[in-house]
Amino acid sequence: MSFLEIDHVSFTYPRHDKPVLTDVDLHFDQGVITALVGPNGSGKTTLTRLMIGVLRPSCGEIRLERRPLVEYSLGEIGRRVGYVFQNPDLQLFCGSVAEEVGFGLANRGCKQETVMERVAFYLDYFELKDYADVFPLHLSQGEKQRLAIAAVLANDPLFLVLDEPTVGLDAYRKRLLEDYLKKISRSGRGMVLVSHDTAFVDRVAERVVILEKGRVIEDSGRKGKAADEA
Amino acid sequence: MVQGLTYRYQPGGPLVLKGIDFHVSRGEIVAVTGLSGCGKSTLCYCICGAFHHNRDGVMTGQVLLNGKNIRERRAASLALEVGMVFQDPDTQLFLPTVEDEIAFVPENLCLPSARIRERVEQVLDLLGLAALREANPHRLSGGEKHLVALAAVLALDPPVLILDEVMSQLDQLGKEKVAAALKRLRNMGKAIIAVEHNLEAVSLADRLLVMERGELLSCGRTAELLADRELMEARGLLYDPSGSAQDS
Amino acid sequence: MKLDPRTKMVMVLCLSGLALLYNTPGRLLLLLAVTVAILLLFRFDLGAIGSYLKPFLSLMVFLFVIQCLFAPSGRVLLAVGPVPLATTGGLLTGAGVVLRIVVVTAAAMLLATFNARDFILGLVQWKVPYELAFMVFIALRFLPVFRDELVNVVTAVQLRGIDLKKVPWGQKIAMYRRLLFPVIYGAMLKAQRLAVSMEARGFRVYPRRTYLRRLNFRFVDYMVLVIFPLITIVLILLQLS
């Protein structure tokens, strides 16, 4: 069963004449790490925005867990799909790093101790413990990137969409991220990565979709358990 | 040339840079690399004078440009000698079209209209951006924005160029364009300092500076340092330990 | 038809001035018709005015009703007991207020028909010091940045799984309050970084600047610059006498 289905979707920004995406048809399953690659301007980020419901397709339909995406509210989508923006500045809004990581949990009514435990775990894993009380926008670019990823992962989403997660990360941290993403995938959650980083993609992705000028020109295919259902 | 540079963000706060010494000559590309948070960006800001004139951090030591201390120069005149491309293109681009952004610099320099046009064309050519001339920078993709930010600074034609993580945000084509442009600039005699994580970008450089926690760990010819696998791995710079990593 | 942005600025001032002066719906409607005609001349998308005013629709209806109730005059059309609800005078005044808003907005849309860069050029060629012109431009440019920041934050918050519609008001307000500070601070940081970047690119190195393009007044501009204010002044005098 496909978790996220993009059904013949095309998209043009309002008041623009050229379509950014044309007839994109992709199905994403749980437990698979898919990489979305392609040259600058090929529509990758736009596609991810469509996938999380921030944008609506001009034609075609997107379905999450078999239901049309438009029937979900943004908050409901957020609980299922974690999205990491390309620019971390766009998604950091709390007063301190610790608050940022715990925001999703705290506001969904989790118990104080659970929240603190999780926050501590993620701060530790992403080596942000020393910055727990720092204002997020004061961090260096790479640190903000890690924080954004941590904050989204802390919510335990069922599916992840990461837009250029390795930009700003040094090799050591990339390895950490790689390990963590693989761990998540093994626990049965799927994800889509947009990345230019060919080395990272090679090591992490199980499926590669190439986008160019708004069209899917190559798709290494859905492998594994989901491949039988077509 | 940088001598004994130290820097704190706040008086009495922790030292972010602890005694950095190095030099860059004309016609040379130097890459600065290291784990995130080691002070690479801070170093760049110090060199280009952005901190000295704009913040209340405490800086000791000297930064000499062509023999003259940068503290004795006005911020704006320093800008003419050192071009800096910052990490986040959204905070550098504010004009309606790409052409306007590139023209911003020569206009500030009071160049006559014909020379402005010339510069704009030159830079558009250098980075292959001619097709995006009338585009609104805000509507461009992330990688294209970085190219435009770089173009806007190149219009300065500065003798020293500092790039903060420009290559890592670009796709293959973009990387090639920038690499080619940097080589040309180097051959024209410019001094280029590039902060990068990306190994590919780093191998462009003639010399490499490795930083850790505010200190300069090593400094030497790129080929030599890269060959020192132990150093590279220990500092987390080599991504693929299997060795076939120099992905190019 | 292309007009120098400065000419357009003058036109907007004249139209707005008249809108503030007139208070009968008849005259205001005429003014609106003229403004719309001008906008159409510039091939402006009238739908944009509609979408811009849509959020204010409730406000306008509110104003209309208030005027109606509290400025009754003329014949009473509808009454509840001794209290007149709708009077001819009231209705007219109400319509007047609403129309005034629409006209001023439509006139301001004229300003949107030109490029921000030309705006700076226009001011500078009128001898406004360039730092001032840029400051005005950036201030104007930052309004949408603020709005975008707010939209971004709201989106980001929801994407973390918080359903804003289901959150009780008390909690929502507390959340907004907590978020307000980082959002403003974030916008300020952006502004500061932009300033640093501009300086790093040589802004304010010299007291003057040259420009890639120059704005030139054409014959049409001179005509409009003379005719428009003249007509406006005549109309003002007529109204006042």
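How many residues does the contact take from chain C, and how many from chain B?

A: The contact takes 23 residues from chain C and 31 residues from chain B, where two residues are in contact if their C-beta atoms, placed from the backbone, lie within 7 Å. Bear in mind that this is a predicted model: local features need pLDDT of at least 70, side-chain atom pairs count only at pLDDT 80 or more, and totals for chains, interfaces and linings use all residues. Residues are numbered from 1 along each chain as its sequence is written, while chains are lettered from A and ligands numbered from 1 in the order in which they are written.

On the side of chain C that touches chain B, the elements giving two or more residues are α6 (116-125), α7 (130-159) and α8 (169-200) of chain C. Helices (H or I, at least four residues) and strands (E, at least two) are DSSP runs, numbered from the N terminus. α8(C) gives the most to this side, with seven residues. By type, this side of chain C divides into 10 nonpolar, four polar and nine charged residues; here Ala, Val, Leu, Ile, Met, Phe, Trp, Tyr, Cys and Pro count as nonpolar, Asp, Glu, Lys and Arg as charged, and the others, Gly among them, as polar.

How far can you trust it? The predictor gives the complex an ipTM of 0.75 and a pTM of 0.71. Chain C has a mean pLDDT (the predictor's confidence in each residue, from 0 to 100) of 74, and 81% of its residues reach 70 or more.

Stepping back to chain C as a whole, there are nine helices and two strands, running α-α-α-α-β-β-α-α-α-α-α from the N terminus on. Of its 241 residues, 25% count as buried: that takes 20 or more other C-beta atoms within 10 Å of a residue's own, with 12 or fewer making it exposed, anything in between partly exposed, and C-beta atoms placed from the backbone. Among chain C contacts with a separation of 6 or more, 70% come from residues 24 or more positions apart. The unreviewed UniProt entry annotates "transmembrane region" over residues 28-44, 56-77, 97-116, 128-146 and 219-240 of chain C; such annotations, given in the numbering used here with feature names shortened, may be inferred rather than shown by experiment. In the model, residues 219-240 of chain C are 100% helix and 0% strand, with the end C-alpha atoms 32 Å apart.

Now over to the partner, chain B. Five of the six residues of strand β9 (residues 207-212) of chain B are buried, so this strand is largely enclosed by the rest of the structure. Strand β3 (residues 28-34) of chain B runs parallel to β9(B), joined by five bridges; strands pair if DSSP finds at least two bridges between them. Within that pairing, B:A31 stands opposite B:L208.

Inside, β3 (residues 33-37) and β8 (residues 190-194) of chain A pair in the parallel sense over four bridges, and A:T34 has A:V192 as its bridge partner.
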